Amino acid sequence: MTATTARIALITLAVALASGCATAPKPLRGEYAVLSPAQASDAGQTGPSVRWGGQIIEVDTGAERTCFEVLGRDLNASARPRSADTSNGRFLACREGFYDPALFAPEREITVIGRIDGYETRPVGEYRYRYPRVDAELIFLWPERDESDVYYVGTMGWYGRPYWWGGYYLRPYPGPRHKAAPRTKD
């Protein structure tokens with residue numbers, strides 16, 4: 001095997017492994033309306049099946065069902081909410097049964113699949129916010145991110161060092177460092 005053939009085989013293997021990491025868990029797969037919570041709130045639509053995710057703000061456990069107030073976030077290729085300081089709108093997700101607020105705690109990430117079945121107006125501070133309400137078929141609780149999902153970026157950016165086979169790996173430039181946002185596996 002020549003060096004060129006070995007490089008091509010290694011690149012093919014790396015692409016195959018990387019694409020395997022970007023698959024949504026089986027229950028979250030499918031085709032859904034391309035509609036954000038903010039767009040749904042503005043349009044006033046009911047009925048489309050959506051897959052939305054985000055960070056739990058509050059959990060309301062009732063006698064028959066549990067409702068989640070969620071800060072919506074864009075989803076990555078695995079259908080997990082991205083860790084970013086942005087929002088695509090808030091929404092409510094309600095499902096029959098009891099979901100323990102100790103597990104489904106504020107700041108945990110969930111992905112919801114269901115149909116928009118109406119709207120509720122609730123206060124956010126002194127502002128009256130119109131929430132789209134999802135009748136959830138599935139509520140997927142993501143594992144908590146740990147410190148190993150956080151990377152550090154040097155002030156001078158990234159630099160590469162060559163491997164023996166001719167490729168490069170990237171690492172933070174040595175220098176003053178700060179903690180960056182949690183890394184997503186997109």
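## A serine in a loop

Ser 36 sits in the loop that runs between helix 1 (3–21) and helix 2 (37–43). Keep in mind that this is a predicted model. Is Ser 36 buried or exposed? With a relative accessible area of 17%, Ser 36 is buried, because buried means under 20%. Setting aside neighbours within four places in sequence, Ser 36 is in contact with Trp 52 and Asn 88.

## A negative patch

On the surface, a patch of negative charge brings together Glu 64, Glu 96, Asp 135 and Glu 137. Glu 137 belongs to strand 5 (residues 127–141) and is partly exposed, at a relative accessible area of 48%.

## Salt bridges

How many salt bridges does the structure hold? There are seven. One of them pairs the side chains of Glu 69 and Arg 90, at 3.0 Å from N to O. Glu 69 is in strand 2 (residues 65–73) and Arg 90 in strand 3 (residues 90–96), so this pair ties together parts that lie 21 residues apart in sequence. Glu 69 is buried at 8% relative accessibility, whereas Arg 90 is partly exposed at 21%.

Glu 120 has a salt bridge with Arg 122, with the closest N and O atoms 3.2 Å apart. Glu 120 also forms one with Arg 133, again with 3.2 Å between the closest N and O atoms. Through shared partners, salt bridges join Asp 117, Glu 120, Arg 122 and Arg 133 into one network.

Methods. Residues numbered from 1 in each chain as written. Predicted model: local features only at pLDDT ≥ 70, side-chain atom pairs only at ≥ 80, totals over all residues. Heavy atoms only, no water. Helix = DSSP H or I, 4+ residues; strand = E, 2+ residues; numbered from the N terminus. Buried < 20%, exposed > 50% of the residue type's maximum accessible area, 1.4 Å probe, protein only. Contact = heavy atoms within 4.5 Å. Patch = residues over 30% accessible without salt bridge, like charges linked within 9 Å, V, L, I, M, F, W, Y side chains within 5 Å. Areas by Shrake-Rupley, 256 points an atom, 1.4 Å probe, with all protein chains shown as cover. Salt bridge = Lys/Arg side-chain N within 4 Å of Asp/Glu carboxyl O. Lys, Arg positive; Asp, Glu negative; His and termini not counted. Charge placed at Lys NZ, Arg CZ, Asp CG, Glu CD.
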